[in-house]
Amino acid sequence: MVQSEGPIIIEGPFTKNATLCSLLNALRPSQLVYTTTDSSGTSFGAAMLTLNSTRENPRDPKSVEASTFPGLDSYRQKWRQLVCSAK
């Protein structure tokens, strides 16, 4: 619903939750999802945006495998309907 584009990089404590990372990858099939061991990713990302940097991220991200959790698409549709009806 945010309509984000481009790669998603997960950092910090969330990287330890492999289930969360793989579910996110399954829910965002048009985007690449990566994890990084860097704990200062937010600061680094903000600096890149501020400086309008086009350099590649040197943080050595690792790609995440998408989850094959059964019923995930149905769950996503129901969640979106509930969110939209609450507006």
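## Core, buried arginine and surface of a predicted model

Once neighbours within four places in sequence are set aside, Val64 is in contact with Cys21, Ser22, Asn25, Val33, Tyr34 and Thr35, where contact means heavy atoms within 4.5 Å. This is a predicted model, in which local features need pLDDT of at least 70 and side-chain atom pairs count only at pLDDT 80 or more, while totals for chains, interfaces and linings use all residues. Residues are numbered from 1 along each chain as its sequence is written, and side-chain values use heavy atoms, with hydrogens and water left out.

Val64 also belongs to the largest nonpolar core, whose 5 residues are Ile8, Ile10, Cys21, Val33 and Val64. Such a core is a set of buried Ala, Val, Leu, Ile, Met, Phe, Trp, Tyr and Cys residues joined through side-chain atoms within 4.5 Å; buried stands for under 20% relative accessible area, exposed for over 50%, and partly exposed for values in between (1.4 Å probe, protein chains only).

The protein has 3 helices and 3 strands, arranged along the sequence in the pattern β-α-β-α-β-α; helices (H or I, at least four residues) and strands (E, at least two) are DSSP runs, numbered from the N terminus. Of the contacts with a separation of 6 or more, 71% join residues 24 or more positions apart, and 22% of the 87 residues count as buried.

Arg28 sits in the loop between helix H1 (18–27) and strand S2 (33–35). Arg28 is buried yet has no salt bridge, and Glu5, the nearest side chain of opposite charge, is 8.4 Å away; a salt bridge would require a side-chain nitrogen of Lys or Arg within 4 Å of a carboxyl oxygen of Asp or Glu. Not counting residues up to four places away in sequence, Arg28 touches Ser4, Ile8 and Arg80.

| Residue | Place | Relative accessible area |

Gln3 has a positive phi of about 65° although it is not a glycine. Most residues other than glycine have a negative phi.

Tyr75, together with Met1 and Trp79, makes a nonpolar surface patch of about 360 Å²; patches take residues with over 30% relative accessible area and no salt bridge, joining like charges within 9 Å and nonpolar side chains (Val, Leu, Ile, Met, Phe, Trp, Tyr) within 5 Å. The accessible surface of the protein comes to about 6900 Å², of which 58% belongs to carbon and sulfur atoms, with areas taken from the Shrake-Rupley method with a 1.4 Å probe.

Notes: Lys and Arg count as positive and Asp and Glu as negative; His and the chain ends are not counted.
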